[in-house]
Amino acid sequence: MTAAASGSLALRLFLGAVFLYAGIVKVIDPAQFLVDVESYRLLPYLAALVVALYLPWLEIFCGAALWFKRWYDGAIVILLGLTVVFGVLIASAWVRGLDISCGCFGVSESTETNYAWWLLRDILLFAGLAGSLWLERFREDPARLTISASEPLESGKTP
Amino acid sequence: MPATLREICLLLVLPSFFAAGTVVLHPGAPSWSPDTPEEGEVNLTMIDAFPDEPLWVDARTRDEFDSAHVPNAVLLNEDAWHDLFPGFLDKWVLRGEPPVVVYCGSRGCRASHQVAERLREETGSDDVHVLRGGWQTWEDSGR
């Protein structure tokens, strides 16, 4: 197994485990996750309830998709979108000065408000997902991501 | 349909069935009504039916407490627990250990649940409740 393949596999399994874990801890205690969703003060009760019931399962399905590498591309696209949304929500709560718990990993994490750490973690997850996608593409077709030595140069340009 | 788009659709649709399963099968699934108390919570109607007048505990910040609070409420939050807990205990014992109702800002805050849990541990009393909806519910009731 090449270094790229090992790195790709390790990253994919790690990210899959992260989202599986994040989803499972929320599914175990949906009422608590609803409190976390409501604490962002962006959604009316019913919308927050739907998010609290649906989002954990979406994370579980996408985490499992990464872990088993089935529907991988779809899962990566959804998770990239989710991390962007999470980042915007955290930043919005930070700007509004809300004293909240992230809710990102259910009751398993500290209830201390730490926006900088939450945002950094979100950015790292986004980078990890983008990196995983890049590594998978690189493995499938290395030539797509490197400039071929035999590729003709455009006229007037020097190497 | 491109494969990725089909995967996205499946991954977005399938969780909704499991979310519905959570509603039906999970014993701790939240209520569809925002006013229905969860475990450990009470609403104002339930409090009115208490045999004794409860001791109100305000789990918000001092600034919020100073701005407005339930009449005769005691300020008690996690940030200043060691300073505030003796005052609460004195009042609670003096009044003959009545039921305790803790509240924070609104339904979305967690402080009241955390304070209630700690009060149950430190007083050994199970008669400690959280007001569903917190201060917002009290204000909306016009009491």
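Me: How many helices and strands make up the secondary structure of chain B?

Reply: In this predicted model, the secondary structure of chain B comes to six helices and five strands, and along the sequence these elements follow the pattern α-β-α-β-α-β-α-β-α-β-α.

Me: What makes chain B more spread out than a compact globule?

Reply: The globule rule gives 15 Å for 143 residues, whereas the radius of gyration of chain B is 20 Å, which is well over that value, so chain B is more spread out than a compact globule. Its C-alpha trace spans about 70 × 35 × 30 Å along the principal axes.

Me: Why is Ile100(A) called buried?

Reply: A residue counts as buried when its relative accessible area is under 20%; Ile100(A) has 5% relative accessibility, and therefore it counts as buried.

Me: Where in chain A is the place of Ile100(A), and how far is Ile100(A) from Ile90(A), C-alpha to C-alpha?

Reply: Ile100(A) belongs to the loop between α4 (72-95) and α5 (115-140) of chain A, and its C-alpha is 9.8 Å from that of Ile90(A), the two residues being 10 residues apart in sequence.

Me: How many positive and negative side chains does chain B have?

Reply: Chain B has 11 positive and 24 negative side chains, and the centres of these two sets lie 4 Å apart.

Notes: Residues are numbered from 1 along each chain as its sequence is written. Chains are lettered from A and ligands numbered from 1 in the order in which they are written. This is a predicted model: local features need pLDDT of at least 70, side-chain atom pairs count only at pLDDT 80 or more; totals for chains, interfaces and linings use all residues. Side-chain values use heavy atoms; hydrogens and water are left out. Helices (H or I, at least four residues) and strands (E, at least two) are DSSP runs, numbered from the N terminus. The radius of gyration is taken over C-alpha atoms; the globule rule is 2.2 Å times the number of residues to the power 0.38. Lys and Arg count as positive and Asp and Glu as negative; His and the chain ends are not counted. The place of a charge is taken as NZ of Lys, CZ of Arg, CG of Asp or CD of Glu. Buried means under 20% relative accessible area, exposed over 50%, partly exposed in between (1.4 Å probe, protein chains only).
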